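Okay, thanks for coming, everyone.

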Amino acid sequence: MKDTMDTVKLNTGSDMPIVGLGTFKLRGQELVVQTVETALKLGYRSIDTAAVYRNEADIAIALKQFCPKYGIERNNLFITSKLAPKDQGFAEAKAAVLKSLEALGLEYLDLYLVHWPGKQGMLREDERNRQYRKDTWRALEELHQEGRLRAIGVSNYTVRHMKELLKHCQVKPAVLQIEHHPELQQTKLMSLCREHGIHFQAYSSLGTGKLVTHPAVMETATKYNKTPGQILLRWAVQRGVGVIPKSTNPQHLKDNIHIFDFTLEEGDMGRLDSLDSGMHYCWDPEHVA
């Protein structure tokens, strides 16, 4: 299937599918297993999870059961997990990675992200967050060198957090995962990532579902005979941005990877670009010290 072959090359040299399966709020073993099977059958090869999603063990069940069924080898999968904010710190981060690997039944993760720039239980403005981030990154660098984490990166980092990390890191982050959609384009962050060879990956590409009813999106969908969700995902990948849409609906899962058989015209891209208003539908990490 052509859709599964669209990849981005990370600064580690690895290829990552530009479309992955998001699993935020995907809970309950039966639903997780069913959704992952449907995704694998449709051609998804990238799955994005996190310790705080509490579904790693259920994803492991699905992978163990259905990868052999569909003839999918481990090296054809791209599995991402993330560090819970409570586990910021050198020893805590190392232990958390090993726990995620065990839960997922894997020898290595293709990508591991620091989920949030602050440590759980500390005030956002607490300056100690900086040292926790630094210690956490050092732990991830060591696990990267050991081959347990093929690539490491961050999520919800601002320009300030990214610049701080780039000053002290021995291994550059491979990915920044951040809220990104036409109403929150984060152009300064995107420029910084591109300057340093860091892949810019979006979450909440549909604005937590609110953008699918935006008139500009709906009119563009009608013009191309596509769903509003497909238009929003196509807008992102056409800019070289990775996406990880989440759905449990088989038709939506199918639609979400069938976004490579059309191209948005320059005028339509411009119309969606013009919606940028700095609107956060999720969390704003700006005030984390």
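When I say contact, I mean heavy atoms within 4.5 Å. Quick housekeeping: this is a predicted model, where local features need pLDDT of at least 70, side-chain atom pairs count only at pLDDT 80 or more, and totals for chains, interfaces and linings use all residues. Residues are numbered from 1 along each chain as its sequence is written, and side-chain values use heavy atoms, with hydrogens and water left out.

Helices (H or I, at least four residues) and strands (E, at least two) are DSSP runs, numbered from the N terminus. Strands pair if DSSP finds at least two bridges between them.

So, the sheet. It's open, with 8 strands in the order β3-β4-β5-β6-β7-β8-β9-β10, paired parallel. At the edges sit β3 (21-22) and β10 (242-243), each pairing on one side only. Look at β5 (78-83) and β6 (111-114): 4 bridges join them, and L83 has V114 as its bridge partner in β6.

Now, which strands does α3 lie across? β5 and β6, and α3 runs at about 140° to β5. Angles here go from 0 to 180 degrees between N-to-C directions, with axes fitted to C-alpha atoms, for helices over the stretch in contact. Meanwhile α4 packs on the sheet too, touching β5, β6 and β7 (152-155).

And the helices themselves? α3 (90-104) packs on α4 (128-145) at about 45°, axes 7 Å apart. That makes the pair oblique, since under 35 degrees is roughly parallel, over 145 roughly antiparallel, 65 to 115 roughly perpendicular, and the rest oblique. On the α3 side, F90, A93, K94 and V97 make the contact.
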